[in-house]
Amino acid sequence: MTLWLMFLCIGVITYAIRLSFIGLLGTKEMPAFLLKALRFVPIAVLPAIILPQLFLRGNTLDFSLANPRWIAGILAAIVAWRTRNVLLTIVVGMAVLWGLQVLLARI
Amino acid sequence: MTSKRSEFFSGIKDILPILLGVVPFALIYGVAARSAGIPAIAAQAMSFIVFAGSAQFVTVQLISAGTPVAIIILTACLLNLRHALYSASLAPYLKRLPLRLQMLLAYLLTDEAYAVTITHYRQPDVGARFIAPEAQIIAPGHAPKHWYFFGAGLMLWSIWQLGTAIGILLGANVPASWSLDFTLPLTFIALVVPALKTRAEWAAAGTAGVVAVLAVGLPLNLGLIVATLTGMAAGLLLESLETKRWAVKDGED
């Protein structure tokens with residue numbers, strides 16, 4: 001039930017954002033500062049989600065080899081930076097993760 | 001009539017290459033949503049209700065991390081704020097349409113549909129080549145270009161619904177040991193790293209990431225929001241400092 005309410009909330013707000021200028025505000029100019037700030041939203045929010053996924057286990061930093069996610073993540077980031085290829089990034093990241101998981105299981 | 005139809009189909013045609021990139025995302029969303037324990041119907045309903053890939057990804061990721069509902073809603077909506085930019089940019093072209101059409105097109109407004117539609121709107125009207133260019137500027141929207149928007153948006157919508165449904169069906173059978181949940185952070189990496197071009201953008205991303213790691217102990221998972229806002233502030237600050245430095249240099253010349 002909470003799940004549905006959550007989806008509904010996100011959906012309604014997202015729709016309101018999409019309709020904002022087209023249907024309600026018309027051709028009003030967006031303030032310049034807001035325009036600048038909005039461009040930084042995805043660039044800030046995604047790393048804020050990614051980095052804790054890679055470097056934290058529980059609530060503590062884990063840079064050891066027992067945590068394969070940060071190694072796979074860094075290699076994937078290098079692939080993304082050099083190739084700009086989304087699929088290749090995902091494939092390399094998953095391959096490294098699986099490889100390290102298999103290695104760790106053997107040790 | 002034919003003009004409407006040709007606009008509709010050229011919208012579909014122009015979004016086809018982009019769909020090649022969208023299909024894997026749709027599949028991954030479906031699989032990841034199931035591995036996060038979201039029921040199949042709810043996962044598909046989100047594709048209908050929200051219809052925004054990155055926000056859906058973030059929501060699934062945060063649900064599996066056990067993030068409080070309010071923070072998930074806030075983060076997903078923050079991420080979708082960029083649609084206000086698209087809405088503002090398309091508004092001049094759509095202002096003469098009846099409200100019900102505006103409402104329909106707003107529902108179909110995504111990154112991909114925006115990208116092809118705004119390019120199409122900025123091209124001179126092909127059907128109106130006998131009209132003086134000045135007249136075209138005075139009367140934008142001469143050709144029924146909103147049919148192009150509708151074609152592109154509807155095509156993307158259909159493929160997204162179909163792709164996420166297939167992903168959800170596949171996802172039910174994937175064992176947890178495959179760690180397919182890791183495709184979500186990898187997808188984010190693939191999206192964000194190529195987008196970082198200026199120093200201000202790197203500063204925003206780096207600050208947000210580091211603060212998110214440091215602030216993980218904050219109550220209610222507030223660290224994510226704090227990190228995002230700090231990152232944005234860092235980016236804006238560096239950008240304004242660099243602009244000022246250039247302005248000073250220009251002044252010296």
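Q: In which loop of chain B is Phe51(B) found?

A: In this predicted model, Phe51(B) sits in the loop that joins helix H2 (40–49) to helix H3 (53–64) of chain B.

Q: Why is Phe51(B) called buried rather than exposed?

A: A residue is buried if 20 or more other C-beta atoms lie within 10 Å of its own. Phe51(B) has 23 C-beta neighbours inside 10 Å, and it therefore counts as buried.

Q: What makes the phi of Phe51(B) worth noting?

A: Most residues other than glycine have a negative phi. Phe51(B) is not a glycine, yet its phi is positive, at about 50°.

Q: Why is Arg84(A) called partly exposed?

A: The label buried requires 20 or more C-beta neighbours within 10 Å, and the label exposed requires 12 or fewer. Arg84(A) has 13 such neighbours inside 10 Å, so it counts as partly exposed.

Q: Which residues of H4(A) are buried, and why are they said to be on the same side of the helix?

A: The buried residues are Thr89(A), Ile90(A), Val92(A), Gly93(A), Val96(A) and Leu97(A). They cover an arc of only 165° around the axis, and therefore they are on the same side of H4(A). On the other side of H4(A), the residues Val102(A), Ala105(A) and Arg106(A) are exposed.

Q: What covers the buried residues of H4(A)?

A: The cover includes H3 of chain A and helix H10 (183–192) of chain B.

Q: What makes the buried residues of H6(B) line one face of the helix?

A: In helix H6 (residues 99–107) of chain B, the buried residues are Gln102(B), Leu105(B) and Ala106(B). Seen down the axis of H6(B), they fall within an arc of 105°, so they line one face. They pack against H1 of chain A, together with helix H5 (82–94) and helix H9 (146–171) of chain B.

Q: How many residues of each chain take part in the contact between chain A and chain B?

A: The contact involves 57 residues of chain A and 72 residues of chain B. On chain A, helix H1 (2–25), helix H2 (32–55), helix H3 (68–83) and helix H4 (86–106) each supply at least two residues of the touching side. By class, this side of chain A has 41 nonpolar, 12 polar and four charged residues.

Q: How many helices and strands does chain B have?

A: Chain B has 12 helices and zero strands. Of its 253 residues, 42% count as buried. Among the contacts in chain B with a separation of 6 or more, 77% come from residues 24 or more positions apart.

Q: Why is Ala205(B) called buried?

A: The cut-off is 20 or more other C-beta atoms within 10 Å. Ala205(B) has 27 within that distance, and so it is buried. Ala205(B) lies in helix H11 (residues 199–214) of chain B. Not counting residues up to four places away in sequence, Ala205(B) touches Ile43(A), Ala44(A), Pro47(A), Val192(B), Leu196(B) and Gly231(B).

Q: Which residues have the most contacts inside the largest nonpolar core?

A: This core has 96 residues, and those with the most contacts inside it are Ala44(A), Ala48(A), Ala113(B), Ile189(B) and Ala204(B). H2(A) gives the most to the core, with 12 residues. The core also draws at least three residues from each of domain 1 (4–178) and domain 2 (198–252) of chain B.

Q: Which residues is Ala48(A) in contact with, leaving aside its neighbours within four places in sequence?

A: The contacts of Ala48(A) are Ala208(B), Gly209(B), Ala212(B), Leu224(B), Ala227(B), Thr228(B) and Gly231(B).

Key: Residues are numbered from 1 along each chain as its sequence is written. Chains are lettered from A and ligands numbered from 1 in the order in which they are written. This is a predicted model: local features need pLDDT of at least 70, side-chain atom pairs count only at pLDDT 80 or more; totals for chains, interfaces and linings use all residues. Two residues are in contact if their C-beta atoms, placed from the backbone, lie within 7 Å. Helices (H or I, at least four residues) and strands (E, at least two) are DSSP runs, numbered from the N terminus. Ala, Val, Leu, Ile, Met, Phe, Trp, Tyr, Cys and Pro count as nonpolar, Asp, Glu, Lys and Arg as charged, and the others, Gly among them, as polar. The arc is that of the directions from the helix axis to the C-beta atoms. A nonpolar core is a set of buried Ala, Val, Leu, Ile, Met, Phe, Trp, Tyr and Cys residues joined through C-beta atoms within 7 Å. Domain bounds come from an automatic or database domain assignment.
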